[in-house]
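Let us walk through a structure together. Keep the view open and follow each stop in turn.

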Amino acid sequence: MKKELLDQLVAARRARRAVALVSDVKTGAQRLVAADEAAPDSDLAQAFRFDKSALVGDEFFQIHNPPLRLVLIGAVLIAQSVIPIARATGYDVTVVDPRGAFATGARFPDIALHAEWPQDILPGFGLDRRTAFIALTHDPKIDDEGLDLALKSDAFYIGALGSRKSHAARLARLKARGFDEATLARIRGPIGLAIGAVGAPEIAISIMAEMTKALRLGLT
Amino acid sequence: MQVTEIASFWVSEGRKIALATVVETWGSAPQPVGAQLVIDANGHFEGAVSGGCVEGDVITTAQDVIASGAPQLLEFGVADETAWRAGLACGGRIKIYVEAVV
């Protein structure tokens, strides 16, 4: 592979442009093809659609769909445990918390950190189907604003921290905002797979496990 | 950091590197098509193309590929004669494309 091509690939990934690196495994010839350049119904278009790299004849299509993203509302302890696992599994992480005392670079180094209200930052953010969303503040004033936007988006996973009781109260509040039952059922609450998690790191594992299930198998 | 980004970072450090990519699998394979390993001229590597069964051979091949610049297509599996030195315990077969970044 030419260094220039690797640079172009890294730039495309950073800009969240879907590209495929097409390599002829016999000759070594390579090129980058953008998703919107793939002919409709072609093998390449299929590979993009299913996010599956594939060898077709002598050509290998390596699919680079945009990296997964995780939006965390709440610069809290559990966020600090979720972030390293999320990054290890390929997510670009963004933390949103209007409370400046929580959202500090010292507590969240090397992370896109926004000390703003969810309703101020998220509308321009693009919560797409490669994005997971988690509300962690326990503060309805903050979480509900984020959840409202997440429910109107294509986010593949929406989770909210809290007990069954607080989740029921949350659903009632969101229902009053006009969301129907089917839409509200998209929120995983209490958040995470039931693995008997004790403490923030184990809760983080249960959340990441449920998110992975949603990504790979879908949630029913 | 994902393998693509690690590769780019290593190149920026002036290291000579190769990329190994799983391009085809048959049967039970530990890593999916598209999984990658980045290897430098000193044999340092990141990523995975198997459960650890064939990485040793891939790293050795990568040294040749870095030296020659010519890509190689490798195949591993229990049906192969290489099974004795690098077999896949799970019984599958995989094809791996190894290329230098030049």
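Start in chain B, where the charged end of Arg15(B) sits over the ring of Trp10(B), 4.0 Å from its centre. A charge sits over a ring if NZ of Lys or CZ of Arg is within 6 Å of the ring centre and within 35 degrees of the ring normal. Arg93(B) lies over the face of Trp26(B), at 4.3 Å from the ring centre.

A word on the source. This is a predicted model, in which local features need pLDDT of at least 70 and side-chain atom pairs count only at pLDDT 80 or more, while totals for chains, interfaces and linings use all residues. Residues are numbered from 1 along each chain as its sequence is written, chains are lettered from A and ligands numbered from 1 in the order in which they are written, and side-chain values use heavy atoms, with hydrogens and water left out.

Now turn to the helices. Helices (H or I, at least four residues) and strands (E, at least two) are DSSP runs, numbered from the N terminus. Helix α1 (residues 3-14) of chain A packs against helix α1 (residues 3-12) of chain B at an angle of about 130°, with the axes 10 Å apart. That angle makes α1(A) oblique to α1(B). Angles under 35 degrees count as roughly parallel, over 145 as roughly antiparallel, 65 to 115 as roughly perpendicular and the rest as oblique. Axes are lines fitted to C-alpha atoms, for helices over the stretch in contact, and angles run from 0 to 180 degrees between N-to-C directions.

Which residues of α1(A) and α1(B) make the contact? From α1(A) come Lys3(A), Leu6(A), Leu9(A), Val10(A) and Arg13(A). From α1(B) come Thr4(B), Glu5(B), Ala7(B), Ser8(B) and Val11(B). Contact means heavy atoms within 4.5 Å.

Stay in chain A for another helix pair. The axes of α3 (residues 77-88) of chain A and α8(A) come within 8 Å and cross at roughly 50°. So α3(A) is oblique to α8(A). Among the contact residues are Ile78(A) and Val82(A) of α3(A), and Ala204(A) and Ile207(A) of α8(A).

Finish with the backbone of chain A. Most residues other than glycine have a negative phi, and most peptide bonds are trans. Arg16(A) has a positive phi, near 55°, and is found in the loop between α1 and β1 (19-24) of chain A. Asp41(A) has a positive phi of about 65°. A cis peptide bond joins Gly189(A) and Pro190(A), with omega about -5°.
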